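Subject: Handing over the structure

Hi there,

Here is the structure I said I would pass on to you. Please open it alongside this note, and I will walk you through what turned up.

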Amino acid sequence: MLGKLLKYEIQATSRVFLPLYLGLLAVAVAASFTLQSNLDVLKGIIMFLLVMLYGALIVVTVVLLIQRFYRNLLKDEGYLMFTLPVHQATLVASKLVTACLWSILSTIVGAASGMIAGRSLIDINGIADAISQAVEFLAENSISPLLVLLAFSVGAAQFVQFVLQVYLSLAIGQLPSLSKHRVLSSIAVFIVASIAVQIIFTVALSGMVPSFMEFAVTANDGFEIAYGLSPAKTSQAVALTTEMLWIALIYNLALAAAMFFGTTWILKNKLNLE
């Protein structure tokens, strides 16, 4: 059933995203030619359109992420959605997966559009050299691909946690005691939750502060921060970074799981569609 829900979600949202993607790519192609011309007025128009479409891409991605959950599950459409023979967790998962999918595609299209628009200004050989230097730096400093993958995993987990925090805030905002001001209540809940999340994460990392301070002091005493770290200090820095990333990953995954089940529980036991 999750597959059918995803198909429905993708079809419904693609009507907005696909034209926006095509428009952004088309303007990016136009910009790649006009940037090489001497037509300043045309350059200004094309760049204005490009910036506006980039702004629209960000706004639409965020707004649609919120709108699909709110209207589909917490407004009148919810009467239909909750008559389907599926668990509330499946409904939330379909919204989450779709939001992540379009966010990834929006990032790819945005990056591709930027590269197309600036192709006349971008030095391909320079980019290749920069990538080669980055790989060489990682190898020289014993930074494994797994550490890079871990860093990306933390970013992905944090994004999923952010989306679920939005969903949980919207679900709490529709509770009977708060439903007179649903939107304001949801915004207030989101702000409070964001502050709480940051405080808890800071406390979770507080145990690592002495290690970081000791590392910074010893490295600074030997002027290694300015002139490069020794192999021993590099290994220590990598170990500390790895530990911090693991803490961040576990923390974000735990929060995401709690928010997912919290949202599901509210939709199952405290749903208020009035």
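The accessible surface of the chain comes to about 16000 Å², and carbon and sulfur atoms account for 73% of that area. Accessible areas come from the Shrake-Rupley method with a 1.4 Å probe, and for residues only the protein chains shown count as cover.

Before going further, some notes on reading all this. This is a predicted model, in which local features need pLDDT of at least 70 and side-chain atom pairs count only at pLDDT 80 or more, while totals for chains, interfaces and linings use all residues. Residues are numbered from 1 along each chain as its sequence is written, and side-chain values use heavy atoms, with hydrogens and water left out.

**Overall layout**

The chain has 10 helices and zero strands. Helices (H or I, at least four residues) and strands (E, at least two) are DSSP runs, numbered from the N terminus. Of the 274 residues, 36% count as buried; buried means under 20% relative accessible area, exposed means over 50%, and partly exposed lies in between (1.4 Å probe, protein chains only). Among contacts between residues at least 6 apart in sequence, 79% join residues at least 24 apart, where contact means heavy atoms within 4.5 Å.

**The cores**

As a general point, nonpolar side chains in soluble globular proteins tend to be buried together. A nonpolar core here is a set of buried Ala, Val, Leu, Ile, Met, Phe, Trp, Tyr and Cys residues joined through side-chain atoms within 4.5 Å. The largest such core in this chain has 31 residues, and Phe69, Leu73, Leu74, Val92, Leu164 and Tyr167 have the most contacts inside it. At least two residues of this core come from each of helix 2 (40–74), helix 4 (88–117), helix 6 (145–173) and helix 10 (231–269). A second, separate core has 14 residues, including Leu20, Ala28, Trp102 and Ala117.

Leaving aside neighbours within four places in sequence, tyrosine 167 is in contact with Leu65, Phe69, Val92, Lys95, Leu96, Ala99 and Thr263.

**A buried charged network**

Side chains of opposite charge can pair when their charged atoms come close. A salt bridge is counted when a side-chain nitrogen of Lys or Arg is within 4 Å of a carboxyl oxygen of Asp or Glu, and the count here comes to two. In one of them, glutamate 9 pairs with arginine 68, with the closest N and O atoms 3.0 Å apart. Glutamate 9 lies in helix 1 and arginine 68 in helix 2, so this pair ties together parts that are 59 residues apart in sequence. Glutamate 9 also forms a salt bridge with lysine 95, where the closest N and O atoms are 2.4 Å apart. Because lysine 95 lies in helix 4, that pair ties helix 1 to a part 86 residues away in sequence. Glutamate 9 and arginine 68 are both buried, and lysine 95 is buried too. Through shared partners, Glu9, Arg68 and Lys95 are joined into one network.

Serine 14 lies in helix 1 (residues 2–34) and counts as buried because its relative accessibility is 16%. Serine 14 touches Pro19 and Trp102, not counting residues up to four places away in sequence. The C-alpha atoms of serine 14 and tryptophan 102 are 8.9 Å apart, although the two residues are 88 apart in sequence.

Glutamine 174 lies in the loop between helix 6 and helix 7, and is buried, with a relative accessible area of 0%. Its side chain reaches the backbone oxygen of lysine 270 at 3.3 Å.

Serine 185 lies in helix 7 and, at 13% relative accessibility, counts as buried. A polar atom of the serine 185 side chain lies 2.7 Å from the backbone oxygen of histidine 181.

Val183, Leu184, Ile187, Ile191, Ile195, Ile199 and Val203 make a nonpolar surface patch of about 680 Å². Patches are made of residues with over 30% relative accessible area and no salt bridge, with like charges joined within 9 Å and nonpolar side chains (Val, Leu, Ile, Met, Phe, Trp, Tyr) within 5 Å. Isoleucine 191 lies in helix 7 (residues 182–205) and counts as partly exposed, at 47% relative accessibility.

Methods: A polar contact is a pair of N or O atoms within 3.5 Å; within protein, one must be able to donate a hydrogen and the other to accept it, and residues adjacent in sequence count only if both atoms are side-chain atoms.
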